[in-house]
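Hi,

Here is the structure I promised to pass on. Have a look at it first, and then read my notes below.

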Amino acid sequence: MRTNGPISLVFHTVFVVFMLAPIVVVCLVAFTPDGFLSLPTNGFSLRWFRAIASYPEFVHAFWVSLGLGALSSFVALLFAVPAALAIARYRFLGRDALAALFLSPLMIPHVVLGIAFLRFFTSIGIGGSFAALIIAHVLVVFPFALRLTLAAATGMDRSVEMAALSLGADDWTLFRRVTLPLILPGVVSGWALAFIQSFDDLTMTVFLATPGTETLPVRMFLYIQDNIDPLVTSVSASVIAITMTALVLLDRFYGLDRVLAGKSDAGR
Amino acid sequence: MSTAPDTSVLTTGPSTDERAARAPWALTAPALMLFIGILVIPLAMTVMLSFHDWGQYKGIEPVFILKNWHEIATDPYYAEMFWRTFRVALLATLITAVFGAPEAYILNRMSGRWKSFFLLVILGPLLISVVARTLGWALLFGGNNGLVNKFLMSLGLIGSPLPFMFTETGMVVALAHVMMPFMVLSVWAALQRLDPQIENAALSLGASPLTIIRRIVLPQIMPGVLSGAIIVFSLSASAFATPAIIGGRRLKVAATLAYDEFLNTLNWPLGAAVAVLLLMALVLIVVGSNALIERRYAEVFR
């Protein structure tokens, strides 16, 4: 196996600096003691992190995002797990078309989904509600829940199920005691990835959020529209820290490249 | 891959053939209902909406007219805005291909621990809020004395500060950064299928490193680069946060225009028409280039 030469390593270094620069800058500015944006900063202070607490809109938006992400990812799995089992195990007419339909929210621009949902929810009278946000997020995170469950179900050893069946287990017992525990790593990672997607979504949510149901990205976006100050950098730095923690955990638990590539036979 | 499950051990209940035939439909029915109810119907309603009339004082009128489509087709403002959308997306795609593909190759040659560390560093940003990442670029670009300009001037690459904020250049750089992980990931996946022994064989036969890259590595990772390019292009063309923050209110792309029509002007039918046109253009481009790629690289796709 050949190794990387000096030119490759210089390229690599420049590349990594490019990838990290904006993230590092946000985190650095968040610790400024000044009342304005300054780069480089003239010291170290946590005043802008403390300031978050006195700006209730951000705190409220954080809880909305947290609840929305947790709930919508869970509901998406309720629909995705049976669908993934069907797609992984059976060859049936329309299988490929169904798989394509279930992954299609990845390909449809979120601005189009946002518009479609705003129109739809307004016309059925639930526009601006938290329930509407959950329904919309279930659809958007569904492909992520499906792909990871599918990957786990495809790689599963079926002979254990056969053994349980031959010992007289009924369908529900079989699923609860054998199948689900076996695909659980995929299901949990699917939930985690779906949660991160829901937590981060701005483009679709910005159409649906109202002052009571603003998520954190929406609140941050609307705040940046009017002013960019150290407060929004400390909020961003907190979000980055939370995501980083989740990422490292996800990597330990399941392998980040597997999570992101979502390798499965229905992915193509 | 398994076909129908072997449930011949079962002797009770409905016949195994019936079970196998019904099961996939019973399992996918809830998800299918969900998708018809909250994806197909809302999208159909949006297409209908684009044919409705709208007035400043009368609001939306559910009639069937071509006014919005006519306006988009004839007013050069929309043509310019759609060209900007696709120009910016194409440039961002080119940058990610030119820098992302070599980086994936370098990454793949690293040893175990470094490989997973840098993979985390490069793919991690994919999951960090787009708002936070774009805010970072807004800080780096600053006004005339942003860090990027200071850095480029200290290197002597430029004599006077370049404008980045509220320009297409700034949009392209920030978009390329936001989309880069998708390209690295796509090329990375292609590299996993590449047998390193072929490179060693070429080396032992006296090929120079450049020849190996050009004749062995590049042809094999090209499908990865192209499918990465399709993903990056379609995501860039429909991007909202980055163009809105870097481009500001004046330099609009399709997604930010649709947003403004919906939430500021309140001309929903026109906004719907812009969104439907964006969706159709993207579907055409993605399906078209997919077909081209698969024909060209049929043997690589098996």
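Read from the N terminus, its elements go α-α-α-α-α-α-α-α-α-α-α-α. Do keep in mind that this is a predicted model.

Now for the overall picture of chain A. Its C-alpha trace spans about 70 × 65 × 30 Å along the principal axes. Chain A has 268 residues, and 54% of them count as buried. If you take the contacts in chain A with a separation of 6 or more, 72% come from residues 24 or more positions apart.

What about the outside? Chain A exposes about 11,100 Å², with carbon and sulfur atoms supplying 69% of that area. As for charge, there are 16 positive and 15 negative side chains in chain A, and the centres of these two sets are 7 Å apart.

One residue in chain B is worth a look too: B:His52. You'll find B:His52 in the loop between helix H1 (16–49) and strand S1 (53–55) of chain B. Is B:His52 buried or exposed? It counts as buried, because its relative accessibility is 8% and the cut-off for buried is under 20%. Leaving out residues up to four places away in sequence, B:His52 touches A:Arg119 from chain A.

Cheers

How values were computed
Residues numbered from 1 in each chain as written. Chains lettered and ligands numbered in written order. Predicted model: local features only at pLDDT ≥ 70, side-chain atom pairs only at ≥ 80, totals over all residues. Heavy atoms only, no water. Helix = DSSP H or I, 4+ residues; strand = E, 2+ residues; numbered from the N terminus. Buried < 20%, exposed > 50% of the residue type's maximum accessible area, 1.4 Å probe, protein only. Contact = heavy atoms within 4.5 Å. Areas by Shrake-Rupley, 256 points an atom, 1.4 Å probe, with all protein chains shown as cover. Lys, Arg positive; Asp, Glu negative; His and termini not counted. Charge placed at Lys NZ, Arg CZ, Asp CG, Glu CD.
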